[in-house]
Amino acid sequence: QPYIVARMTEILLEGGPRNKVLEVGTGSGYQTAVLSALVPRVFSVERIAPLLKQARERFYLLKLNNIRLKHSDGNWGWPENGPYDGIIVTCGAEQIPPTLLEQLAPGGRLVIPVGGSKGQILKVIDRIGGKFEETDWDAVSFVPLLSGQIG
């Protein structure tokens, strides 16, 4: 949904410029492409290989050269390239994966839908020094953040 992509991007960038962002859930690549126009370096992980392949081809055709992609379980993030100034999760998690909090740089911001089948809340977690400050934003509905990899 274009509105929620815009809203999540706006929330991510509100706290100041982000130089390196991790996206969990590449999907079609729409959110990734939006981020690439606003952030110098975008790292995105996707658990479904055919989706990742299609997104990679789109980015190549669009000449989006500041995006790096990985076929991986989104719950793991991408620690080799962390820490990240921002992390945006485009699928709903039952709870916030601790590995994503570990990969968030001091001063960084995580935007993630959290909740189960009865509803999700878009949460914003700011890392201030060694502490995490959590704020609830909007009610949202996303596909679940699943473990594992496909294809």
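Predicted model: local features only at pLDDT ≥ 70, side-chain atom pairs only at ≥ 80, totals over all residues.

Mentor: Residues are numbered from 1 along each chain as its sequence is written, and side-chain values use heavy atoms, with hydrogens and water left out.

Trainee: How far does helix α1 reach from its first C-alpha to its last?

Mentor: Helices (H or I, at least four residues) and strands (E, at least two) are DSSP runs, numbered from the N terminus. By that rule α1 covers residues 2-14, 13 residues in total. The expected span is 1.5 Å times one less than the number of residues. That gives an expected 18 Å for α1, and the helix comes close to it with its own reach of 18 Å.

Trainee: Which residues of α1 are buried?

Mentor: Buried means under 20% relative accessible area, exposed over 50%, and partly exposed in between (1.4 Å probe, protein chains only). What covers the buried residues of α1 includes α2 (30-38) and several strands, among them β1 (20-24) and β5 (104-116). The buried residues themselves are I4, V5, R7, M8, T9, I11 and L12.

Trainee: Why is β5 described as largely enclosed by the rest of the structure?

Mentor: Look at how much of the strand is buried, since β5 has 13 residues. It is largely enclosed because the buried ones number ten.

Trainee: What is the bridge partner of V111 in β6?

Mentor: Two strands pair if DSSP finds at least two bridges between them. On one side, β5 pairs with β4 in the parallel sense over four bridges, and there V111 is the partner of I88. β5 also pairs with β6, in the antiparallel sense over eight bridges, and a hairpin of two residues joins these strands. In β6, the partner of V111 is V124.

Trainee: Which residue forms a salt bridge with E14?

Mentor: A salt bridge here is a side-chain nitrogen of Lys or Arg within 4 Å of a carboxyl oxygen of Asp or Glu. For E14 the closest N and O atoms are 4.0 Å apart. The pair links distant parts of the chain, from helix α1 to strand β5, 95 residues apart.

Trainee: What is the relative accessible area of E80, which meets K70 in a salt bridge?

Mentor: The side chains of K70 and E80 come to 3.3 Å, N to O. K70 sits in strand β3 (residues 67-71) and E80 in the loop between β3 and β4, so the contact ties together parts ten residues apart in sequence. K70 is partly exposed at 24%, whereas E80 is exposed, with a relative accessible area of 56%.

Trainee: How far apart are the closest N and O atoms of K123 and D136?

Mentor: K123 is buried, with a relative accessible area of 13%, and D136 is partly exposed at 46%. The closest N and O atoms of their salt bridge are apart by 2.6 Å.

Trainee: How many salt bridges does the structure hold?

Mentor: Beyond those pairs, R7, E10 and D138 are linked in a network of salt bridges. For the structure, the count is eight.

Notes: Contact = heavy atoms within 4.5 Å.
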